[in-house]
Structures are given as structure tokens and as C-alpha cells.
Amino acid sequence: MRTVAQHIADRLGQFTPKALLTLGSGLGALANDVEDATVLPFGEVGLPDTTVPGHEGRLLAGHLEGVPVLCQQGRVHLYEGRDVSETVACVRAAAELGAEVFIATNAAGGIGDGAPEDPTPGDLMLIADHLNFTGENPLIGLPTPHFVDLKDAYDPQLRAVAREAAQATGHPLREGVYAALRGPSFETPAEITWLRTVGANAVGMSTVPEVIAARDAGLRVAAFSLLTNVHLPGGSTTDHEEVIDVGSKAGPRLAAVLRALVPRL
């Protein structure tokens with residue numbers, strides 16, 4: 001059986017990406033900045049199609065700020081009934097094609113405690129570490145055990161460069177811990193209290209399995225959350241429409257940071 005990487009290589013020839021960028025809910029507009037792009041719908045290269053609004057379900061190969069990239073416009077999630085191996089298929093294919101860096105983005109809920117320094121919708125957060133509460137790990141079931149060190153899962157040098165990129169563009173950048181849950185239901189007030197207690201600064205439904213697979217493949221990782229809503233003590237209502245709306249409005253600021261980051265890789 002042909003791999004996803006082989007299907008992509010058939011379409012792209014000798015193109016070798018420096019980085020894979022994965023664009024989360026409402027953040028797909030950055031793909032429009034990829035120059036001389038070859039557009040590959042997921043289904044045409046063996047990737048599973050996404051069913052979620054705000055995820056286009058296509059892969060673009062081209063140049064961003066002069067750097068050869070693969071840009072994953074949308075992703076599939078565990079809550080769509082997908083196997084964890086499907087959620088990380090694009091990351092593994094990018095590594096097989098020669099990528100060195102994985103840059104992930106997602107829409108997430110910020111976690112506050114009612115203090116003045118709490119996040120607000122539209123804030124950008126650089127992920128420094130994660131909590132995996134999905135109940136899945138993409139390394140389970142591989143032919144031989146893969147014991148991957150995740151001490152610096154989010155590369156310290158790339159995080160420093162990301163902070164430089166944010167400063168250069170004038171966009172404030174928080175830094176914190178991202179908790180991944182399976183979804184698709186949003187979190188209860190009790191769950192938010194628990195997440196706050198264990199040190200989470202944001203919560204979402206993606207990214208962590210991809211990061212684990214990327215580190216297993218030797219890719220350096222940088223990841224960003226766009227905080228589309230904020231969970232406060234006592235509970236806060238939200239819906240996917242809010243996620244898409246805030247993501248589309250604040251997405252250009254994250255896109256500016258990524259455009260400044262990519263040439264610094």
C-alpha cells in the first residue's frame with residue numbers, strides 16, 4: 001500500500017519542505033499567503049477528510065516568506081471518530097518528505113481565575129508544554145516500543161525565536177500549558193477547575209497527538225493557541241460558532257507572527 005508521503009511526492013516531485021504548518025479552527029487564511037502553491041485535497045493524497053467547519057481539508061505546497069512549506073489547512077480530530085494514527089498522518093508524511101520543523105496552531109479556550117491578568121478572547125499563546133488527557137497516544141501499537149523524550153517537546157530555541165517574531169510584529173504573546181481533551185463537548189465548570197488546579201492555561205481538542213508523533217519523527221516543534229474564549233470560575237458558555245468567529249477576527253495577528261517566524265527557522 002502506498003503511503004501518504006508517496007502520494008504527495010507523486011504530485012510534488014523533488015519539492016522538499018522545510019516545515020509543516022498545521023492551521024486550526026478558523027485559522028486557515030494563512031494558507032492564502034503560500035506562493036506558487038500546489039493544492040492537494042486530503043482525499044487525493046490518502047489523508048482522511050475533515051468534517052468540521054473551519055477546516056478546509058487540503059494541503060498546500062509552496063513557499064511562505066521564501067521558505068518551502070507544506071501547509072495543512074485544517075486537521076482531523078479524535079472526536080470525529082478517527083483513529084489516532086489518522087490524526088497524525090500528515091505529520092508523519094511531512095517528516096518522510098524531509099521536513100525538519102512542525103508548527104502547529106489551534107483554537108483553544110483560555111483558563112482564567114478572575115484576576116486582572118487573565119487572558120481575553122483573541123489572545124495568542126505560545127505553548128510551552130502540554131497535558132495529554134485525550135486517552136490516546138500515537139506511539140501505541142507501533143511494531144517496536146517508541147520511548148520518546150518529551151522534556152523539550154516544544155523546542156526552547158524555536159520558542160525564543162517565536163517570541164522574537166511576536167515582538168517584531170508588535171503582537172503580544174502569552175506562554176503557557178495546553179491541555180488536550182478528546183471532545184467534542186466543551187468542558188464543564190468542574191473540569192475547568194480541575195484543569196486550572198493541575199496547571200493548564202488553555203484547553204482544546206487537538207495538537208498533542210501530532211506533537212508526540214512529530215517528536216517521534218525527529219521534528220522540532222513550535223505551537224500556538226489562539227484563545228477564542230475564556231473559562232472563568234463558575235463556568236462560561238461557548239459554542240463552535242464563537243470559536244470560528246473569534247478565530248477569523250484574530251487569526252491575522254497569528255498569521256503575522258508565523259510569517260515573521262518562518263524565515264527565522
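1. A crossing of two helices is called left-handed if the near helix is turned anticlockwise from the far one by less than a right angle, and right-handed if clockwise. In this predicted model, the crossing of α4 and α7 is right-handed. The helices concerned span residues 156–169 (α4) and 240–261 (α7), and their axes come within 8 Å, crossing at roughly 120 degrees. Angles of 65 to 115 degrees would count as roughly perpendicular and those over 145 as roughly antiparallel; α4 and α7 are therefore oblique to each other.

2. The residues that form this helix contact can be named on both sides. From α4 come V161, A162, A165, A166 and T169, which meet A256, V257, A260 and L261 of α7. In terms of residue class, the contact comprises 8 nonpolar residues and 1 polar residue, with no charged residues.

3. Strand β7, residues 174–181, contains V177. With neighbours within four places in sequence left aside, the contacts of V177 are M125, D129, H130, L131, G199, A200, N201 and A202. For one of these, G199, the C-alpha atom lies 7.0 Å from that of V177, although the two residues are 22 apart along the chain.

4. The largest cavity has a volume of about 90 Å³. Its lining has 14 residues, of which L78, M205, S206, T207 and P209 are the closest to the centre. Both β7 and α6 (208–216) supply at least two residues each to the lining of the largest cavity. That lining divides into 6 nonpolar, 5 polar and 3 charged residues.

5. The second largest cavity has a volume of about 70 Å³. Its lining is made up of F42, L47, P48, Q72, R75, V76, E86, T87, A89, C90, V91 and E210. Two or more of these residues come from each of α2 (84–87) and α3 (89–96), and α3 gives the largest share, 3 residues. By class, the lining of the second largest cavity has 7 nonpolar, 2 polar and 3 charged residues.

6. Among the open sites, the second largest pocket has a volume of about 190 Å³. It is lined by 14 residues, and those closest to its centre are I111, E117, P119, R174 and N201. The lining of this pocket consists of 6 nonpolar, 2 polar and 6 charged residues. N201, listed here among the residues closest to the pocket centre, is also one of the contacts of V177.

Methods. Residues are numbered from 1 along each chain as its sequence is written. This is a predicted model: local features need pLDDT of at least 70, side-chain atom pairs count only at pLDDT 80 or more; totals for chains, interfaces and linings use all residues. Side-chain values use heavy atoms; hydrogens and water are left out. On a 1 Å grid over the protein atoms alone, a cavity is a set of points where a 1.4 Å probe fits but cannot get out, and a pocket is an open set with protein on both sides within 12 Å along at least five of seven lines; lining residues have an atom within 4 Å of a point. Grid points are joined across faces, edges and corners, and a volume is the space filled by probe spheres set on the points. Ala, Val, Leu, Ile, Met, Phe, Trp, Tyr, Cys and Pro count as nonpolar, Asp, Glu, Lys and Arg as charged, and the others, Gly among them, as polar. Axes are lines fitted to C-alpha atoms, for helices over the stretch in contact, and angles run from 0 to 180 degrees between N-to-C directions. Helices (H or I, at least four residues) and strands (E, at least two) are DSSP runs, numbered from the N terminus. Angles under 35 degrees count as roughly parallel, over 145 as roughly antiparallel, 65 to 115 as roughly perpendicular and the rest as oblique. Contact means heavy atoms within 4.5 Å.
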